[in-house]
Amino acid sequence: MRSALFSIHRGLLVLGATWLLACGPTYGNAGDDGGGSSNQNDNSNTLLQDGGVGQDGFLWPDSTPPDAGQAYQLDGAAATDGCPPDMSNPCGNPVPPGCGTTEICGNGLDDNCNGEVDELCTCALGDVQQCFVGPPGRVDQGACVQGTQTCEGSNEFGHWGPCTGGIWPSAEICDDLDNDCNGCADDGLCCNPVISCPGPGDIQPGQPFTTYQLDGTQWYTGTATSWSWEVVGGPCDDVFIASGNSPSFTLNGANTATPTIEFTLSGDYTVTMTVVTPSGTYTCTFVIHIIGPGLRVELCWEGTGSRDIDLHLLRDDFGASWCDDTYDCYYMNCKAGSGDGFRPDWGYSTSNISECIGTPEGSTWNLLHGHCDNPRLDVDNISTAGIPENINVDSPSNGDVFRVMVHYYSGSGTEHPLVNIYCDGYRVGTYGQLPNQVTGFNSSGGYGCQGNTWRVVDVETLVSGGVTTCNLTALHPPGQTSGYDVRNNDTSY
Ligand SMILES: [Ca+2]
Ligand SMILES: [Ca+2]
Ligand SMILES: [Ca+2]
Ligand SMILES: [Ca+2]
């Protein structure tokens, strides 16, 4: 019966989009969106790319974005046909979608509900902001989680790229979770959930280089035929996977109810749990935030394992040049076991050993120092595939300015390094990502910062009330307002 109704509704949606896509004061019973009476594996939350209506309740009429107010189909009607009263679950006061007629720049929201976030807004190349693809009123409601988008183009003509990595409103399914983020779980369904999927508040954040334990039996308690888990990471994992390497994280026990994940990078990871049971297949999708304190700079590149690319960090007030062993923090002097006589002392307090004990350098920090220095190089990747390199300052001071540099140490061929900047665990900058890869980075030079050097970004840390935020200034060739500052045989700051 309900299947037949879905077909009718879907036909109406295609033919009568304007009528159904009420957004604003007339939002509401726009018809069941087809997600279902079934609690099977249909909780897709992707935007449609082209044409028609999907089970996720989004409409994208053709290859051009819809007009203001037309991107999202909103709350379905309550199930009534043959549904026992105790299982019928209307939503009395759905959260207002908050769609407007004009887009507001810089807020990461789709204010005009046309399916695009901060469209026609300018931004600075490499800046990253939190964003949400859904009616703006539904942000951070129910299952919904913000994602991120990176500024693409050039500094003069930057625009926001796709918003990814979050969880958007999707058609309500029977999973004890508010999938369409209207404030009511499983509303509009005739529903007795077999699975109880976690919402954002149920997922604890993790820390890089520590073991993250998951337990699917918290969310599904019945008989399981099999379990499977999938993890999707951020920009560096895209680089690693595209170049045929392993991702930066390790998923152990992916076919058990209780897998563990070893994360080496900060950032947001989308995890999908699938459990096959005698009564059907169920999925839960959620986001784990991996958070390191203060400033973290992470470098990855395609040719890990064949090319040695090095990360450098230098504070602007030392008057030093790159590969200066007194001030520049890099592989030569910033690791646990390298040169105590010339470790860079930037005046920061040390961190508890727990902040670095799980890193490749952790046991050496513990053995030689009993704490972790700031700054420090947690990972010096010389030849291991699928591993990033990173430098941390756990507790920077307010107003400090750090410059990030990438050096082509050894190997041959053209490389496309990518740098992520995190402040208090949130990614705020990404440089060198497609479609704006670094070009002309093809000459290695070994010791003394010879060969290619890429001055990436200046990061000012703003510290207030124990919270660190960052002001980023992308760097360009001298005298220019766009492009990457790649030089050769030049060690000047
Ligand atoms: Ca918009
Ligand atoms: Ca906006
Ligand atoms: Ca709901
Ligand atoms: Ca639900």
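E119 is buried, with a relative accessible area of 14%; buried means under 20% relative accessible area, exposed over 50%, and partly exposed in between, calculated with a 1.4 Å probe on protein chains only. This is a predicted model, in which local features need pLDDT of at least 70 and side-chain atom pairs count only at pLDDT 80 or more, while totals for chains, interfaces and linings use all residues. Residues are numbered from 1 along each chain as its sequence is written, chains are lettered from A and ligands numbered from 1 in the order in which they are written, and side-chain values use heavy atoms, with hydrogens and water left out.

- Donors are N, O and S atoms within 2.8 Å of the metal (3.2 Å for Na, K and Ca); water is not among the atoms, so sites may look incomplete.
- D110 counts as buried, at 0% relative accessibility.

**The calcium ion (ligand 2)**

- The calcium ion (ligand 2) is coordinated at 2.2 to 2.5 Å by E103 (OE), I104 (O), N107 (OD1), L109 (O), D111 (OD) and D118 (OD).
- The donor residues of the calcium ion (ligand 2) have the sequence spacing E-I-x2-N-x1-L-x1-D-x6-D.
- The site has six donor atoms with angles of 65 to 177 degrees among them, and it is irregular.
- Four donors count as tetrahedral if all angles lie between 85 and 135 degrees; four count as square planar and six as octahedral if opposite donors are over 155 degrees apart and all others between 65 and 115; anything else is irregular.
- D111 is buried, with a relative accessible area of 8%.

- E103 bridges the calcium ion (ligand 1) and the calcium ion (ligand 2), which lie 5.9 Å apart.
- E103 counts as buried, at 18% relative accessibility.

**Salt bridges**

- The structure holds 10 salt bridges, each being a side-chain nitrogen of Lys or Arg within 4 Å of a carboxyl oxygen of Asp or Glu.
- One of them joins D378 and R296, whose closest N and O atoms are 3.8 Å apart.
- That pair links distant parts of the chain, with D378 in strand β12 (residues 376–379) and R296 in strand β10 (residues 295–300), 82 residues apart.
- Strands (E, at least two residues) and helices (H or I, at least four) are DSSP runs, numbered from the N terminus.
- D378 is buried at a relative accessible area of 0%, and R296 is buried at 2%.
- R296, R376, D378 and D394 are linked in a network of salt bridges.
- R307 and E415 meet through their side chains in a salt bridge (2.6 Å, N to O).
- R307 lies in the loop between β10 and β11 (308–315) and E415 in the loop between β14 (401–410) and β15 (418–423), so this pair ties together parts that are 108 residues apart in sequence.
- Both R307 and E415 are buried.
- R403 forms a salt bridge with D458, with the closest N and O atoms 2.7 Å apart.
- R403 is in strand β14 and D458 in strand β17 (residues 452–464), 55 residues apart, and the pair links distant parts of the chain.
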